[in-house]
Amino acid sequence: MTALGRMPALFPFAGICLALLVQQRGVSLIWDSLLAMLGTLALLFLFTDRDAPDYWKAAIGLLLIAGIGSMGVCLRVSEPFEHAGERYKGQGVVLYERSWGGRRALLLRTSVGRVMAKVGPQYELLPGDKIKLSGILLELPSYKDNSFREDRYWKARGAIGEIIPEDISLLGSSRWMSPIGWRNVLVQRILLTLPPRTRGYILACWTGLKSPVLSFKHQQWGTSHLLAVSGFHVALFVSGLWLLIPAGKKRELVVSGALWGYIFLTGAAPSAIRAAIMMQIALLGRLFGRPPSPVNSVSLAGLLLLLWRPFWFWDLGWRLSIIAALIIAAALERRLSPLWWCSVSPAIWVSTLPLVSAVWGSVPLAGVVMNTFAGAVFGVLYPLSSLLVLPSLLAIPGGYWLSRSAEGLFYLWELCADTIVRFVPCHVSWNPFWGALAAGIFPLFLARSIRLSWKRSLSTALLLQCVVILILM
């Protein structure tokens with residue numbers, strides 16, 4: 001089957017991404033839509049065979065999806081906050097909270113929509129808490145000269161504006177019989193029961209919360225993705241359930257329900273939702289007897305997420321997740337040789353290097369070495385430690401000592417990781433060269449996955465590199 005038949009969602013997805021990329025440069029809406037269609041058409045010419053039956057019918061359909069979809073997402077990106085300047089007095093529910101400098105930032109569900117509020121540390125509010133507040137509604141702060149866009153960060157989480165709170169009072173806490181209540185109870189139990197390292201890893205894996213200490217260590221090792229709930233964690237969760245649930249027609253439905261329960265328990269991060277949609281597509285395909293197409297599943301998940309919430313395009317976690325998933329998916333399409341599989345981890349590292357180094361300043365070179373085996377190690381550590389901590393969390397006698405054995409395993413991992421970092425202490429800083437190199441890696445993997453010749457694969461990758469460089473200049 002040709003690329004047009006196996007991965008049709010890739011082409012309009014790429015076109016809409018191109019429209020959002022040029023939209024931030026101030027290009028008008030009509031040109032955004034036209035460039036999305038032209039980009040989609042160019043990719044179709046590069047990666048597909050125009051002699052295939054009904055080629056132009058399918059191509060025109062994909063061009064229309066790219067054009068209409070890009071117009072829709074670009075319109076939503078430029079929408080103003082219609083309640084800006086108004087005074088709000090009413091109730092709200094805390095959906096998300098995190099530290100923000102010396103204050104706490106809250107994402108609130110209110111009668112005017114989701115809004116962000118910054119409060120002092122004296123407010124001990126948790127997700128699920130119902131509050132009464134009053135204040136002035138404003139547009140989200142936008143510092144366009146700063147590499148970090150606060151407005152995009154919060155809009156990627158569904159916020160439409162900011163409220164400057166004048167008065168806040170707690171009306172009630174989350175009910176125990178609710179997803180947020182279960183999450184709060186679980187977090188509290190983990191914090192009070194488990195030893196330090198195990199506590200941090202179990203919190204990351206089960207609830208999506210990150211320990212600052214572990215986050216710093218994994219940043220030094222170049223393995224931060226192991227703490228962020230994404231395709232790796234979703235695959236472990238679904239694989240474990242798949243082995244436990246007996247075969248039958250309801251197996252896919254039970255796993256699907258549990259999958260989305262896990263996603264909401266972990267806070268529904270963009271990377272987690274992308275992985276869940278991709279896994280859901282695979283489960284539905286299996287249920288209806290359709291063969292899987294990894295690249296199409298990733299592309300369709302990305303396309304649906306952008307149509308739902310366009311600001312996820314600028315979310316770092318979402319971008320890193322999509323890039324890594326597409327490279328792995330391209331490798332799965334062709335069932336590459338062991339040599340090619342060994343190149344997947346370095347390819348992901350180089351492809352994500354420009355994004356990560358632009359945020360953190362530099363990336364540890366040790367990550368190239370670490371990620372060749374870190375996934376396999378945590379593919380064992382996470383399930384095993386999850387089993388070892390259950391007796392302790394359930395207050396079964398002797399459970400504490402089992403959780404201490406998990407602590408020992410994580411300690412051994414840290415010793416190994418620190419040793420590798422000492423032998424490979426170099427860091428790689430941001431450089432435009434890395435962006436140019438990264439732009440050609442996925443096209444090269446994709447071209448080889450659909451068995452284009454080496455000559456055509458390399459020329460296609462080089463051409464797309466030049467286009468990306470021209471756009472970003």
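Predicted model: local features only at pLDDT ≥ 70, side-chain atom pairs only at ≥ 80, totals over all residues.
User: Which strands close into a barrel?
Analyst: Five strands do, in the order E1-E2-E3-E5-E4, with mixed pairing. Strands (E, at least two residues) and helices (H or I, at least four) are DSSP runs numbered from the N terminus. Two strands pair if DSSP finds at least two bridges between them. On average, neighbouring strands of this sheet are turned by 50° against each other, direction ignored.

User: How does E3 pair with E2?
Analyst: Strand E2 (residues 103-110) and E3 pair in the antiparallel sense over seven bridges. A hairpin of two residues joins E2 to E3. Arg-109 has Arg-114 in E3 as its bridge partner.

User: And what about E3 and E5, parallel or antiparallel?
Analyst: E3 and strand E5 (residues 161-172) run parallel and are joined by two bridges. Met-116 stands opposite Glu-162 in E5.

User: Is E3 mostly covered or exposed, and how many of its residues are buried?
Analyst: Strand E3 (residues 113-119) is mostly covered, with five of its seven residues buried. Buried means under 20% relative accessible area, exposed over 50%, and partly exposed in between (1.4 Å probe, protein chains only).

User: Where do E1 and E4 come in?
Analyst: Strand E1 (residues 87-100) pairs with strand E4 (residues 130-138) in the antiparallel sense, over seven bridges. Gly-92 stands opposite Ile-131 in E4.

User: Changing topic: how do H3 and H4 cross?
Analyst: The axes of helix H3 (residues 29-47) and helix H4 (residues 55-77) come within 8 Å and cross at roughly 145°. Axes are lines fitted to C-alpha atoms, for helices over the stretch in contact, and angles run from 0 to 180 degrees between N-to-C directions.

User: Which residues meet there?
Analyst: Among them are Leu-29, Met-37 and Phe-45 in H3, and Trp-56, Leu-63 and Met-71 in H4. By class, the contact of H3 with H4 has 15 nonpolar, four polar and one charged residues. Ala, Val, Leu, Ile, Met, Phe, Trp, Tyr, Cys and Pro count as nonpolar, Asp, Glu, Lys and Arg as charged, and the others, Gly among them, as polar.

User: How many salt bridges are there?
Analyst: The count comes to eight, a salt bridge being a side-chain nitrogen of Lys or Arg within 4 Å of a carboxyl oxygen of Asp or Glu. One of them joins the side chains of Arg-87 and Glu-166 (2.4 Å, N to O). This pair links distant parts of the chain, with Arg-87 in strand E1 and Glu-166 in strand E5, 79 residues apart.

User: Which residues are linked in a network?
Analyst: Arg-197, Lys-217, Glu-407 and Glu-414 are linked in a network of salt bridges. The closest N and O atoms of Arg-197 and Glu-407 are 3.5 Å apart. Arg-197 lies in helix H7 (residues 196-207) and Glu-407 in helix H17 (residues 399-423), so this pair ties together parts that are 210 residues apart in sequence. Glu-414 forms a salt bridge with Lys-217, with the closest N and O atoms 3.0 Å apart.

User: Are Glu-414 and Lys-217 buried or partly exposed?
Analyst: Glu-414 is buried, at 4% relative accessible area, whereas Lys-217 is partly exposed at 26%.

Technical notes:
Residues numbered from 1 in each chain as written. Heavy atoms only, no water. Contact = heavy atoms within 4.5 Å.
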